[in-house]
Amino acid sequence: SSARGIELVRLAKREGLRVTADTSLNHTFFDDSALAGFDNRFKLWPPLRSAEDREAIGAALLDGTLDAICSDHTPLGIDDTLAPFQSAEPGSSTFDAFLPAVLALGETLGANSIQAASWVTCGGANAMQLDSGTLAAGATADICIFDPTHSWTFDDSALRSGSGHSPWHGQTLQGRVRAVVQAGVYCDNETT
């Protein structure tokens, strides 16, 4: 989540150490300026850093220092979402925004859609030495069916995650997951 941490990962990789690292979706878009209003939706762990740290994260994704982006989906109970900022637990619901936000990030950073998709597919799978995150012959059929034309506004009250608490509330996103195939089983996003 910090430029200093990224530099340590970059140095370790240059020295040939077997190091992998990811960043959270929230840290790629938001910085500590979002904390000015003490909105619990932005109380995260690790905490949001400076705009310079956020820019370093983008550069590290582009150059391969960071291997993946995680959702950091940490839904909270109602008590934590209503607590005063200093007493609230860190966390947020991010899964609903995950893919559209990652693809938007890729576009903002100048990455092509294949590179952006790799941050949430083969990047993490390779880092964890999993035989997944690819559409190769013989690989597990994990597929996301995505509609890039659908524009929508993120609304906490309509989340599927079980917690209406997200820094993405009110954000307009382009594209929506319509269905997934997990281990060969089709699951329609509209009915689940």
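1. Basis. The model is predicted: local features need pLDDT of at least 70, side-chain atom pairs count only at pLDDT 80 or more, and totals for chains, interfaces and linings use all residues. Residues are numbered from 1 along each chain as its sequence is written, and side-chain values use heavy atoms, leaving out hydrogens and water.

2. Sheet. Three strands make an open antiparallel sheet, ordered β3-β4-β5. Strands (E, at least two residues) and helices (H or I, at least four) are DSSP runs, numbered from the N terminus. Pairing requires at least two DSSP bridges between two strands. The edge strands, β3 and β5 (185–188), each pair on one side only. β3 and β4 (residues 172–182) pair over eight bridges. Serine 151 stands opposite glutamine 174 in β4.

3. Isoleucine 145. This residue lies in strand β3 (residues 143–153). Isoleucine 145 is partly exposed, at 36% relative accessible area. Buried means under 20%, exposed over 50%, and partly exposed in between (1.4 Å probe, protein chains only).

4. Positive phi. Most residues other than glycine have a negative phi, and most peptide bonds are trans. Phenylalanine 38 has phi near 55 degrees. Phenylalanine 38 sits in the loop between α2 and α3 and is exposed, at 56% relative accessible area. Aspartate 72 has a positive phi of about 50 degrees. Its loop runs between β2 (68–70) and α4 (78–82). Aspartate 72 is partly exposed, at 24%.

5. Cis bond. Tryptophan 45 and proline 46 are joined by a cis peptide bond, with omega about -5 degrees. Proline 46 lies in the loop between α2 (25–29) and α3 (51–63).
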